[in-house]
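This briefing concerns the packing of helices against one another. Please consult the sequence and the structure shown below while reading.

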Amino acid sequence: MEFHNQVIDPEALPTLASVPLVSVSPRLAPCQAILQWMRWLLVTAVVLHFPVRDEALALWQPWVAAATGGVGLIAIALGWVEARRRAYGLREHDLIYRRGLLVRRTQVLPLVRLQHVETLSNPVERAFGLVRLACFTAGGRGADLVLEGLPAQRAEAVKQHLLARLGGVPPEPLRAEEAP
Amino acid sequence: MTGEDPSSSPDRFALADWQRLSPWAVGLMLVTASLSLVRQHLPLLLGAGAGLALVERVGWREVGGGAALLLLLGLLLSLLYFRRFRFRLDGDVLVIQKGLFEHREFKVAARHVQHIAVHQPLYLRPFDVVQWQVETLAGEASRIELPGIRRGLADALGKTLQGANSTDVMSAKPDREPEGLAQPTPGVRYALTPRGLVLHGLTSRSIYVIAAMLSPLVQPLERWLHDRLPHLDLLAWLPDSPLVAVGLGIAVVLLALATLSVLAAWWRFHGYVLRDEGERQVQVSGLFHRQEQVLSLSRLQVVEWVQTGLGRVLGRGYLVCHQFGALGGAAAESRRFLVPGVTLAEGEALIERLWPGTGKLPPLNRVSRVYRRVLWLRTLLGLGAGVAILVWLAGPMLLPPWAWGLVAACLAGLAAGAAQLRWQALGWAQQGETLHVRRGLWGQRTSVFPLSHVISLRLCESWLQRRRGVATLQLQVANGQLTLPFLEEPLARALADRLLASVESVTENSPEPGRQTAYAARR
């Protein structure tokens with residue numbers, strides 16, 4: 001048997017930096033804001049109505065709840081800006097997803113590692129016509145990459161493309177209206 | 001691989017008919033379930049004293065009657081389970097039908113088999129019955145067990161499934177295997193000596209695990225000694241000097257833990273032998289509970305060279321061979337394919353055997369010095385917060401300003417020392433097509449894996465990192481996540497591109513034989 005160990009020119013490698021990414025749907029920002037608002041409302045309500053026996057501390061309870069609500073508002077605002085900056089890219093051999101505001105994370109999932117794909121949506125996402133695309137690899141306990149903020153039609157197109165790659169079909173460029 | 005064609009083996013034709021578990025499996029299931037129940041509830045019953053309180057309240061006879069009833073019920077359920085359990089080979093697919101209240105059928109294709117393990121507890125040796133386990137690429141969550149089959153049947157099943165699997169893999173990757181691996185050279189690759197076994201016991205993590213397991217028993221034991229043996233005046237035995245007494249106490253505890261740890265290693269790894277059968281690496285070990293694990297080289301993803309702190313002092317460590325789904329942290333490590341009690345040279349030789357050209361651990365690169373500064377700041381903040389809490393708990397301290405300055409300087413010095421050590425401990429190196437990543441301050445783990453074995457990667461940049469021109473690279477591999485923090489940004493991006501090119505150019509090493517992916521320049 002012949003053993004190959006070819007030299008690879010690092011300069012000739014495709015680079016992550018040169019990939020043009022496509023923004024996710026602008027509807028993701030309000031959708032995320034509503035979901036976060038519901039979570040923070042619950043937390044604020046718990047803080048406000050938590051039974052405190054000490055009277056001196058109980059006087060401070062509304063202020064603590066107000067501070068919690070304030071933190072929630074800041075988190076929602078930051079989440080809005082962050083959602084507007086999310087982007088993804090689909091290359092011939094991998095899927096790229098960039099997210100994060102203060103900490104920017106770019107995740108790359110090689111398609112050769114893909115095992116199965118799922119689409120998910122909660123009622124709020126469905127109201128905004130959005131779908132999450134969860135990509136799983138071998139041996140993982142959960143999804144390795146979850147692409148949020150895709151319009152339902154585009155999510156289906158991306159899913160079909162990924163499933164075709166899973167089935168061993170050679171890569172085919174998406175149609176213009178489906179292209180991410 | 002034994003060299004014979006597994007598809008024409010007579011065992012294969014016998015396995016095509018429905019097979020049943022050995023009748024001894026009923027006893028095995030009862031014993032295994034009882035031991036598991038006792039092990040899970042032992043700390044609760046003994047630690048909290050709830051078990052004794054319950055027995056005293058209910059009465060020994062009633063508790064015995066209840067236990068006998070439970071045993072009878074368990075026996076009936078085991079018999080029913082035994083009746084419903086059957087399996088056979090349908091071509092290259094293992095079909096298992098089982099279920100007590102719900103009938104279930106499992107199918108495991110040979111090409112998806114990643115790991116086979118055979119266990120033989122002491123009480124099953126006279127009957128030549130073993131527990132047989134198989135794992136697919138989905139990892140430990142996918143484990144399927146045949147709880148009690150004849151030894152010959154287990155061997156035939158393992159050889160047929162892994163033989164078919166390796167035949168698939170070999171035919172799928174005709175150009176990748178170096179010549180050394182193409183021709184199987186059966187033989188003992190590594191055998192653990194008694195000295196190595198003792199050193200492994202001392203240097204493994206068992207000592208910490210045993211300490212954690214026994215800690216809930218200390219208080220009940222002390223209470224029992226006090227109540228039942230009041231005539232033993234234990235205080236009179238202690239030396240007069242408190243320092244000597246404390247030192248002696250610590251020494252006795254350490255000696256007891258070390259002894260237990262060596263005994264645990266003896267129990268688990270007695271007679272450890274690693275056999276090289278080409279594509280199959282087989283290890284057998286165990287004093288009473290014999291275990292046999294088969295590792296398929298084509299499924300091997302990451303090899304970890306692990307040294308605990310004491311192991312570094314004594315020059316011993318162990319290798320852990322990870323396949324897909326090897327999550328569960330260090331707690332699940334004992335279930336993995338582990339080569340215990342090896343020296344660095346032996347470890348390098350074994351890794352070289354698994355992946356030719358990758359064995360020698362190269363000098364490692366360090367990450368950016370910015371990381372050391374970040375570590376210093378984090379440690380300083382942690383220490384400062386600790387001191388602040390102590391001062392708050394102890395009440396106001398009237399220290400002169402110079403004393404506070406001295407405390408601050410000491411904290412800064414301590415933090416600087418810790419940050420320097422942690423920065424030095426982290427290292428990485430790319431050696432040809434292999435990546436080495438080392439982490440850990442006192443105990444160290446070095447992961448070795450081909451670049452193409454990365455599952456996915458993530459490049460993270462915080463606002464501070466963007467200002468400093470550094471980035472953190474997180475690699476997802478079969479055994480979890482490896483992080484290379486604070487690499488120079490161009491280097492991090494170049495490494496990410498290189499890793500992706502290696503993964504995406506893989507055709508033959510794909511975890512799913514049959515999936516062919518070609519790499520083409522995308523620019």
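At roughly what angle do the axes of helix α14 (residues 369–394) of chain B and helix α15 (residues 401–425) of chain B cross? In this predicted model, the two axes cross at roughly 140° and come within 8 Å. Two packed helices are described by the angle between their axes and the distance between the axes, and the points below follow that scheme.

**Helices α14(B) and α15(B)**

- Because an angle must be over 145 degrees to count as roughly antiparallel, α14(B) and α15(B) are oblique to each other.
- The crossing of this pair, α14(B) with α15(B), is right-handed.
- Residues of α14(B) in the contact include B:Arg369, B:Tyr371, B:Leu375, B:Trp376, B:Leu383 and B:Val391.
- On the side of α15(B), the contacting residues include B:Trp404, B:Leu411, B:Ala415, B:Gln420, B:Arg422 and B:Trp423.
- The contact of α14(B) with α15(B) comprises 16 nonpolar, three polar and three charged residues.

**Helices α7(B) and α11(B)**

- Helix α7 (residues 194–203) of chain B and helix α11 (residues 242–269) of chain B have axes that come within 7 Å and cross at roughly 125°.
- The relation of α7(B) to α11(B) is therefore oblique.
- A right-handed crossing is formed where α7(B) passes α11(B).
- From α7(B), the contact is made by B:Pro194, B:Leu197, B:Val198, B:His200, B:Gly201 and B:Leu202.
- From α11(B), B:Ala258, B:Ser261, B:Val262, B:Ala265, B:Trp266 and B:Phe269 take part.
- Nine nonpolar and three polar residues make up the contact of α7(B) with α11(B), with no charged residues.

Methods: Residues are numbered from 1 along each chain as its sequence is written. Chains are lettered from A and ligands numbered from 1 in the order in which they are written. This is a predicted model: local features need pLDDT of at least 70, side-chain atom pairs count only at pLDDT 80 or more; totals for chains, interfaces and linings use all residues. Side-chain values use heavy atoms; hydrogens and water are left out. Axes are lines fitted to C-alpha atoms, for helices over the stretch in contact, and angles run from 0 to 180 degrees between N-to-C directions. Helices (H or I, at least four residues) and strands (E, at least two) are DSSP runs, numbered from the N terminus. Angles under 35 degrees count as roughly parallel, over 145 as roughly antiparallel, 65 to 115 as roughly perpendicular and the rest as oblique. A crossing is left-handed if the near helix is turned anticlockwise from the far one by less than a right angle, and right-handed if clockwise. Contact means heavy atoms within 4.5 Å. Ala, Val, Leu, Ile, Met, Phe, Trp, Tyr, Cys and Pro count as nonpolar, Asp, Glu, Lys and Arg as charged, and the others, Gly among them, as polar.
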